[in-house]
Amino acid sequence: MEYRFKGHLVEELYKDYRIKEGMKACMNCGVCTAVCPAAEFYKYNPKNIVNIVARKNEDDMEDLLKSDTIWYCGECMSCVTRCPRANAPGLVIMALRKLSMRSGLYMQSEKGRQQYVVVKDLCSNILNYGYCVYPRTFDYETHKEFGPVGKWINDNLDDLHARMGSNLDGDGPGGLRKIPKESLDQLKNIFDVTGATELMEQVLGDAHEEAVKENLTDEEYFMKVYTENDWEKHLNH
Amino acid sequence: MIIEGKQKIWADYQKDIPDDHYFYVRSCIRQAFWPGSEVTFLDITRNKLGKDFYENPYHTTCGGIAYHSDTIPQETAMTIIARQFALMHESGYENYVCSCITSFGCYTETLETWHEYPELEAKIRQYLWDSCKKEFAKPKYLAHASDIIYKFRFEIAKQMKFPLVNVKTGKPLKVVEHIGCHYSKMFPSKGFGGAEYPHVLVGMIEAWGGEVVDYPERRQCCGFGFRQYFVQANRGYSESNTHKKFESMEPYEPDMIITNCPGCPYFLDRWQYVIAEQTGKTYGKNGYGIPALTYEEVAGLVMGYDPWDLGLQMHQVAIEPLLEKMGIPYDPKKKYQGLNGKDLGQPMCPSCIKSV
Amino acid sequence: MKENILIIGGGAAGIEAATQLQKMGLTPIIVEKSEKLGGHIAQWDRLFPAFHPAKDVVGQMLDNVKGVDVRLNTEVADIKRDTDGFKATLSDNATIDAKAVVLATGFDLFKAERKQEYGYGIYNNVITSLELEKFFRTGKDERIGNPKKIGFVHCVGARDVKVGNTYCSKVCCTTALKQACEMKEVFPNAEVYTFYMDLRMFGPGYEDLYLRTQKDFDVKCIRGRVCEVSEDMDGRLVIKAEDTLFGKPLKMTLDLLVLMCSMEKAKSIDKIQQQLGIANNNDGFMQIKDTYLGMNGTAKDGVFVAGTCTAPKSLPDTIAEARSVAVEVFNYINNK
């Protein structure tokens, strides 16, 4: 199987500043796994991930980047507080995820393929509205946990925010204001210059390719990836 | 429990917060889900405490949620942050206050990483110039908005109308304090009280007459998990973590939860609704849940703001039992109204948890 | 006139050094800040690896040191070098002129409240190894009722960059297993667990102790560092750790938790140490002249060190160093 950085995964990983920050040396004490919420619920063990990264074996690295394992972490950073060697498994995970995406290996795992959802939703929110989360794109149907009050909020969005004193889509300062075009243009430039656009286009492209392979429209593929969950495989039970 | 042990730890982790002239940046989640909180925060600080809080309308998201969902590279997040710092500098400020906890974590991480690796800071300077033709200066002080309320908690107590006390029994309310993970877990010295016994919310509770509840899963993440929530298939992770916390705090019968991260109260509130619908169980008494409030909402309640101006109608868990415990008057008819009494209908009631 | 050797510290190192120096015809003078000789070891109940009563060893050492000039309840307030050696002013205003100084000031136990997540000083049922040893000796500690489940936490204040001590404190593993066995003797129906990263059983008979701990005393050794401690509604302790050999996180409710605290250099000597110009090493202990052939020497002529003021060590290590410092001092005095 061909993929970007083949044969150089370890080398590429170690360029990430989060590896420089997060990989000092592990003494296998287990406090990170002890406190980790993902380790409690998922078949996940941050200590083992750090050990694999430390071994610097190219084949093991490929397996790791293809796996669901690196996608279980919730990035709460509880591991960072406690590690007696000042490692940061949470940061190591972020570096692994980035490499998994850039190499394309993320498409080999169910949880990896979900990156299509977050890249599409969050990047479009940032570029279109200047916010990571924007109420008009937070729909009730796909977020039923928002609750009946959430449905009411969405149904009365403009009135409610006016009552609350927000400045929804308005000019000037205030909550949920319309971000000036100049700022949105600058965010786009930042995306272009720092590689976010490239990453985003790659992920959207990978998803489209996969959708075509599976004979699905982009929307159908989105919903598939959004909901598909082989929970028996993932859960610690 | 020996409280003196905790007090000594709090004394060790004090941080310098300046007195005035703050550059305020908003939170994507707080302004969307808890708009009343940011409005109240600015009203308290500007009008009740007389502070200068400046908001530059060109500021944007810090990108923190996207960064922690692994959708943008670290360099992108850092450059967006550098742009925010440039706006602060252009506006003539040096005290940076952010409303979101993930933001606070990202700003702190960025500054610390630049300190360790100056070549990365130089690279980001170049990226900012190439993309925006801007130059930045690092803030002299970086604080989270809850640090400001913490700093002025005694001034707020002086203007307090409704202390955190149960008016029927005269006893202090039992308050669970929930700190956002990105406040001090990565850099304990950057949070009041460090990472093990953070003091930023404890200080508020105690200044305002309440009693802090310690329970085994107190330090546990609420479970947001970024991609673990945004992708529906992963949401069980998020719910499970919140569920674990509620199971742990239940025997202590807390009256309310106070939070400083904008995401946490969303999860602590909404997952109670989901747990009730899935299992029939509620954690408050008589089919009610435990209200999970932002610290701005709590500050507003004690200072006598109208609950519906604070935005408490935007929570799923009913706030009314708490209002009654505190002796705060409220008009049930106005709960779901818009401006000038406009009728906006009402949300449906969930089947297994009370919402009024 | 017999040559005075000022020995600061009346614990095991100071006593043994003085005993030997007296036999060699010199005049050791022990200055001890507490009310009696014996230091930490006098507070111990039984010694590893074979549960030997500490008071036997201490008693023998105190016998041997009879006749030596001892100043109890006294500290060295000031010290300076003069043409003949050193002039020390004591806290009772007496002065001592000495040809050489031996720093045998020993250790302080790591203050367990610094490891905040273990809740020492916050949760009632968290105690230190020293407090447990006192319980074995006196039978009294109001926190120890009738515990059914007891845990021992290794490496508290050691091997931990977060509290500032990255070194290993050497003896806590052996002490933990010894105390775990002794706990089973007092509470035979209790479940006793130790939570370790490594089991450093470095000396003669120590691996046998490990075997006995598991086989004869049924102590369960779990390989995983305790991550955090909290208290439940009943005042019992809830700990989180990873059972690393199974690769799974675990949570356990215990009645009592014993923290194996590391040794740190005793700080009360700091001012005198500075006056003598003796630096600390990276671990915060006194800097010795050389690892292999200079463990009793320092950078300064005439100033010698012995015992746990230079590094964590066991009682046999300390006694050996005390005897070797006597040889070093003797040779120094006689210009050899």
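**Chain contacts and domain arrangement**

In the predicted model, 72 residues of chain A are in contact with 74 residues of chain B, two residues being in contact if their C-beta atoms, placed from the backbone, lie within 7 Å. On the side of chain A that touches chain B, the largest share, 9 residues, is supplied by helix α13 (residues 181-194) of chain A. This side of chain A consists of 38 nonpolar, 21 polar and 13 charged residues; Ala, Val, Leu, Ile, Met, Phe, Trp, Tyr, Cys and Pro count as nonpolar, Asp, Glu, Lys and Arg as charged, and the others, Gly among them, as polar.

Residues are numbered from 1 along each chain as its sequence is written, and chains are lettered from A and ligands numbered from 1 in the order in which they are written. As the model is predicted, local features need pLDDT of at least 70 and side-chain atom pairs count only at pLDDT 80 or more, while totals for chains, interfaces and linings use all residues.

Chain A contains 16 helices and 0 strands, where helices (H or I, at least four residues) and strands (E, at least two) are DSSP runs numbered from the N terminus. The C-alpha trace of chain A spans about 55 × 40 × 40 Å along its principal axes. Of the 237 residues in chain A, 51% are buried, that is, 20 or more other C-beta atoms lie within 10 Å of the residue's own, with C-beta atoms placed from the backbone.

Chain C is divided into domain 1 (4-106 + 266-333) and domain 2 (112-263), with bounds from an automatic or database domain assignment. The contact between them takes 13 residues from domain 1 of chain C and 20 residues from domain 2 of chain C.

Methods. A residue is buried if 20 or more other C-beta atoms lie within 10 Å of its own, exposed if 12 or fewer, and partly exposed in between; C-beta atoms are placed from the backbone.
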